[in-house]
Every structure is written in structure tokens, then in C-alpha cells.
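I opened my notebook to look up how some side chains meet in one protein model. Come and read along with me.

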Amino acid sequence: HSIHYDENIPSICVKLNNGRIRDIQFKRTAIPFQRIIKDKQVLHLTGNPLQFTLMETEPNEKQNGIFILFKQYWELRNQDGMLRKMVDAQKSYGDAGILFYYDYRGEIKSRLLSYADGYVICSHNDDNGDRIMESVYYYQNGLEIIDSYDDTFMYRYEKDPEGDNGTTDGWFLTKQEKHGFNEIPLVTKRGAVAWNDVQDLIETYEIIFNVFNAIQKRFGWGVLYIKGKFGDKGQKLAGNIILNDNSVEGNGDAKFLTPPTPTNTIETLEQLEEAIQKGSSTTFILPKDIRMSGDVSGVAIQLTQSLDIEKSLQEKIEWQNVVDKMTRLFKYGLANELVASQKETTAITDFDDIKIHAEFKVWIPRNEYEYNQMLTILKGADVLSQESAIELNTCSKPDEKQRVANEAEEIRKREKGDDSNGQIGFNVTTTE
């Protein structure tokens, strides 16, 4: 916040009895618009878990089982949380990355790499714009290190401050090993910070706000104005001081002057706040903005936050490549983990046999009961399939489809058993 270092903010001073001038102490205040804008954009983009779809026309039972297993592990390893942290870091610092790796137990894990933790991401593309290598620069134990990843290997370079062979500027390859994935295991995203388009407006708002606060602190509560010719001493009566005007004109006066209402300043700040919301496509809704005189419909809420929703729908497309790569890497790494742990010996071929699509579901304030009831009505009217109703329902678990299928099978077996037990046999004998 440049307001803390702006020397052009006026200071208010007073003249003391000894003739000296003293500045009135005033602490400058920064408004956290940047954090509010960033948090709102992150919420609307990542407020809901990713939606997964099995891209098979007629999936068999085994493919459905593998799909459920993938979603269960995705939730257990908190990959939605990692994605949210990546979006938050990118919108705060401009770039961020998620590195997938195998821990000491051979389990697929991921961690965030961001500028806040001292990592500088350097991406390398070919002439067609395709990513051929990702590099990360950082300090560790006083050494400068660069880790680079291609589709097969991880290369670690360290810089020796005392050793320079004249060709590599002191950088030496100290480690090269296979990272265990079929593509670059580092997922990166670069872009503007969340408040990039309104930074100038925010600085203008903070300048006016702080000048206004300084003036209010000095003159905000008014002054007592006394006019006339008075003696050095006043008469005291019941704890009050009485001043007698000794002037010839006799036009003495005493009154309390209140400062003018700062209407123009307040209106200017309100206009700037509205401009900040428009410029950043972010809506600030406070309790005072909600009127409880009538029912607030979900459509009204969506229209109020249309800027946020439109922004998130656009960013959903921009972040799709990140989501796709995270899905591919986690699916590949999970298959290797299951094979190595002997839990699923055919996991590599099984996971390779299914195609999983993931996408953001933009968060919109709504009544979940009404939303789920709508899905039920659409399902009952044969407008929506049971499979879609299960996937879209907010109460569904990752294996909800399998649970429903198991319950249906149990009901079918029970009904079949009741029919066989309820049959009555008759032996008919005929004589001639």
C-alpha cells in the first residue's frame, strides 16, 4: 500500500502556547481492497468441489469402480484444497505451481510452489507454445538451486559461488533422476493478480480517505467561537466562567461552530468504491445492503453478483488446462501407487482404460434445499437422468452411484426372495 509512504498526504498542526508548531499525530490507514477482491474471486471459482465425469459412452462395472476409486482418493488427498491454494497464490503473486511427487511410502502427493515461499517459476515453451520444461529457482541452506522437469527426468543445478568454469556461470548439475510420471509433474499458472485492473483506483480511494480522516480528527467535532473584548479574568459562577464583553460596540458573541457535512467527500468515496467493484468484477455485499422487508430470491442474489459470476465463468475456461493436467497426473500417480502397494495389481491398465474429465463448478449463493428439490422434480419428470441427479446433488458422496445400485440390488433380491417364499403348491390327482 503506497499510502504508507506517500509524503503528499497533508498533516494537521497546531500552535502551542510557547509559539511552537506541533503536528497532530495521525496514523495512515490502508483499506484491504486487494484481499477482499482476491478472496471473493477465489471463492466463486473454487467454492465447490471439482465435478468429474466419466467420458465413456457405455461404461462397464469395472470402469465405474475405478472411477469411484479415483474420486475417493482425490478427496482423501485433499486435491480440491490444493487447487484452491494454487488459485489463491496465483491471484496474490501472479504465478503459482503444484508439484506432484511420490512420498517415502510411495503415495501420490502434491505441494504448492509460490513466490511467498521463495520459489520462482520459469516455464519453457517451444516455437509452437507447447511446454517442454518447467524450472523452479529457490534458495536452500544458503545455496541457489534450480530444479528442472521434463517429461522423464528431474534435473537439479546448484550454483557454487566460488566455482565458475566460465561457461555455466557457476551452475553445476548435481542430480538427475526419473520423476516417475509420464509428463512434466509440475502444473503452473501465470496471470495478473486479482486487483490488477483497479490498483490505481484503490490508491486514489486511500488518499482521499486518509485526508478526510485527518481533517475529521482536527475539525470533526467543532469549535467554540467567542467574539468580543474581555478581561484577563472571568467571573466564576456555579463552576462556569462568565466573560463580560467590554467593547464599545457591544457586539460580543459566543457560539459553537460545527463543521460542514462532508457530503461531497462521502459521495466521492462511494463512487470510487463502486468503480473498484466494476473494474475488478467483484461485488461487496454487506449486512446493511440486505433488506429483510421481503423474501430475497435466489435469482435476485445471482443478478446482484452477476459481475462475480461472469468473471468466474471466464476464469473457469482459463484454468481448464490446469485442472486437466492435475487430473491426468493424479490418475497416473495413483495407478502406480496402487500397483506398488499390491492393492490393485492391474491399476495401470485399468486407469489407462478410462477417460476422466474435470471442471470447475462456479460457486453461486443459493438455497441447497430448493436446488436439490429442483433436481428431484426434474428427475421425476424424466427431464434429468438419475445419474445426472446423483452427480449434481449437493448431498451426494463420491460413491453415491454405487450406493444407489447396491440398494436397488438388495431390494431386487429381497423382492425375489419374498416371491419364492410366498408360492403355494397344489398336488392335483385325476382318476378315470
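Here are my entries on rings, a helix residue and charged pairs.

**Ground rules.** I am working with a predicted model, in which local features need pLDDT of at least 70 and side-chain atom pairs count only at pLDDT 80 or more, while totals for chains, interfaces and linings use all residues. Residues are numbered from 1 along each chain as its sequence is written, and side-chain values use heavy atoms, with hydrogens and water left out.

**Entry 1: Gln79.** I found Gln79 in helix H3, residues 79-93 (helices are DSSP runs of H or I with at least four residues, strands are E runs of at least two, both numbered from the N terminus). Is Gln79 buried or exposed? Gln79 is buried, at a relative accessible area of 2% (buried means under 20%, exposed over 50%, partly exposed in between, with a 1.4 Å probe and protein chains only). Its side chain has a polar contact of 3.1 Å with that of Ser110 (N or O atoms within 3.5 Å, where one must be able to donate a hydrogen and the other to accept it; residues adjacent in sequence count only if both atoms are side-chain atoms). Leaving aside residues up to four places away in sequence, Gln79 also touches Trp74 and Phe330, among others (contact means heavy atoms within 4.5 Å).

**Entry 2: aromatic rings.** I noted 14 aromatic pairs (ring centres of Phe, Tyr or the six-membered ring of Trp within 6.5 Å; planes under 30 degrees apart are stacked, over 60 edge-to-face, the rest tilted). Trp74 and Phe330 make an edge-to-face pair, with 5.3 Å between centres and 80° between planes. This pair links distant parts of the chain, since Trp74 is in helix H2 and Phe330 in helix H8, 256 residues apart. Both Trp74 and Phe330 are buried. Tyr102 and Phe181 have centres 4.8 Å apart and planes at 15°, so I wrote them down as stacked. Tyr102 is partly exposed at 24%, whereas Phe181 is buried at 6%.

**Entry 3: salt bridges.** I recorded 21 salt bridges (a side-chain nitrogen of Lys or Arg within 4 Å of a carboxyl oxygen of Asp or Glu). Which residue does Glu409 pair with? Its partner is Arg412, with the closest N and O atoms 2.5 Å apart. Glu409 and Arg412 are about one helical turn apart because they sit three residues apart in helix H12. Asp147 bridges to Arg156 at 2.8 Å, and Asp147 is buried at 5% relative accessibility. I also marked a network of salt bridges linking Arg77, Asp103, Arg105, Glu107, Lys109 and Glu337.
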